Amino acid sequence: MTKPSEEVETMDDATPEESKPKGIKPAKLIIIIVAVIIVALAGIGGGYAYWTHHEGNAYHEAVAQAENADKALSKAVDEATATTYKADQLKEPKLLGKLDAAISKAKALKGVPEDQPGEWLAWQLASAKKANATDADEANAQAKALKAALKAVRDSRLAKELDTAKSQLKQGIDGASQTLKDTDGKVADNATRDSLTKAIDEANNTLAKKGVTDPKTYTDQKAKLDAAVKQVNDSKAAKDKADAEAAAQAQAQAAAQAQAAQAAAQPQSSYSPSYNRYGGSGSGYSSNRGYSAPQQSYTAPQQSYTPSNNGGSSYSGPTITGGGIVFDCTPSEPGCGQHGAPDAY
């Protein structure tokens, strides 16, 4: 029997040298650790780079959307403030207050943030992207609300204009119908009344239409109706003028005839002058009214003339009286001339 120590050999003694496990040398271990770290860092760096690139693209896209939204909102504000609306222009005046509130809220928006994030700072890019996206959403929402408020105001104004135009057309029809009634037989051209009748019928048809959305439908028809009424009134005025002229002419003729008849019935008056060559001239005025001009007389003073000549003849001037001339010589004798006496009055 062998001793255990003798029968059993130790492993170290029996195991061949090649089959013994070999350990990792320290230098190789360091190389492996460094490689692992490098791979890990490379993975981390690549992921960060991808994240940064993604956030950068998203940020720039958000900025563009925010700018477009702000421009659209600014345009909506300009459109809403381009026209001044008044409460009495609207069918629902309270809508004007809502529009004013929407305009004020739109103007209060801050717009796109001006701070620019770092291109390699992913967390800043993400924050800026969110801010721009929020701004775009608010601008779009406010622009939509502003447009809705503006549309409501415009629709209310249109409704008021439609009501006004329709009411004016109805009043025009009533007035035209009265004109047609009052001018029966009183116009120069009755065709104008026929045209007015047609215009009234067309206006009534327009008034009965459903779904009219343009006030011009009513105002155009009202203009046609007014033109037809004017033609009738002008025709009536022409007839009135012609009738007045005819009446004035007839009155003038009647007055002229009356004046002629009156003149023919008045008493006649005459004036007859008289002249007596030898007895002077005289004039007398007589009429049937019993008036006679007073008689006047003039007696020239007596004159005598005695010439001194060899013949010894003598001449004594004529004696002039109011009744004629008295000659102291015979008129047929030589040297005896006619001497007229002054007129007797």
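Over which residues does pLDDT stay under 50 while the model has zero contacts beyond four places in sequence? That stretch is residues 39-43, and point 2 below returns to confidence.

1. **Ground rules.** This is a predicted model, in which local features need pLDDT of at least 70 and side-chain atom pairs count only at pLDDT 80 or more, whereas totals for chains, interfaces and linings use all residues. Residues are numbered from 1 along each chain as its sequence is written, and side-chain values use heavy atoms, with hydrogens and water left out.

2. **Confidence.** The pLDDT (the predictor's confidence in each residue, from 0 to 100) has a mean of 75 over the protein chain, and 59% of the residues reach 70 or more. Helix α6 (residues 191-207) has the highest confidence, at 97, and helix α1 (residues 4-7) the lowest, at a mean of 42. Residues 39-43, as said above, stay under 50 and have zero contacts beyond four places in sequence; a contact here means heavy atoms within 4.5 Å. The pLDDT is also below 50 over residues 296-300, but that stretch has 14 contacts in the model beyond near neighbours in sequence.

3. **Overall layout.** The protein chain has seven helices and four strands, where helices (H or I, at least four residues) and strands (E, at least two) are DSSP runs numbered from the N terminus. Reading from the N terminus, the order is α-α-α-α-α-α-α-β-β-β-β. Among contacts with a separation of 6 or more, 64% join residues 24 or more positions apart.

4. **Surface.** Of the 345 residues, 23% count as buried. The classes are buried (under 20% relative accessible area), exposed (over 50%) and partly exposed (in between), with a 1.4 Å probe and protein chains only.

5. **The largest core.** A nonpolar core is a set of buried Ala, Val, Leu, Ile, Met, Phe, Trp, Tyr and Cys residues joined through side-chain atoms within 4.5 Å. The largest one here has 21 residues, and A80, Y85, L99, I103, L146 and V153 have the most contacts inside it. Helices α3 (26-81), α4 and α5 each give two or more residues to this core, and α5 provides the largest share, seven residues. As for A80, the residues it touches, leaving out those up to four places away in sequence, are Y85, L99, I103, L146 and L150. Apart from this core lies another, of 18 residues, including L180, A203, L207 and V212.

6. **Salt bridges.** The whole structure has 10 salt bridges, each a side-chain nitrogen of Lys or Arg within 4 Å of a carboxyl oxygen of Asp or Glu. One of them joins R154 and E79 at 3.3 Å, N to O. This pair links distant parts of the chain, with R154 in helix α5 and E79 in helix α3, 75 residues apart. R154 is partly exposed because its relative accessibility is 32%; E79, at 36%, is therefore partly exposed as well.

7. D155 and K151 meet in a salt bridge at 2.8 Å, N to O. Both lie in helix α5, four residues apart, about one turn of the helix. With 38% relative accessibility, D155 counts as partly exposed, whereas K151, at 52%, counts as exposed. K170 and D174 form another salt bridge, with their closest N and O atoms 3.8 Å apart; they too lie in α5, four residues apart.

8. **Helix α7.** This helix (residues 216-265) has 50 residues and reaches 73 Å from its first C-alpha to its last, close to the 74 Å expected; the expected span is 1.5 Å times one less than the number of residues. Its buried residues are Y218, Q221, L225, A228, V229, V232 and S235. Why does Q221 count as buried? Its relative accessibility is 9%.

9. **A loop residue.** Q116 sits in the loop between α4 (95-107) and α5 (122-182). Q116 counts as exposed, at 60% relative accessibility. From Q116 to A128 the C-alpha to C-alpha distance is 7.7 Å, and the two are 12 residues apart in sequence.
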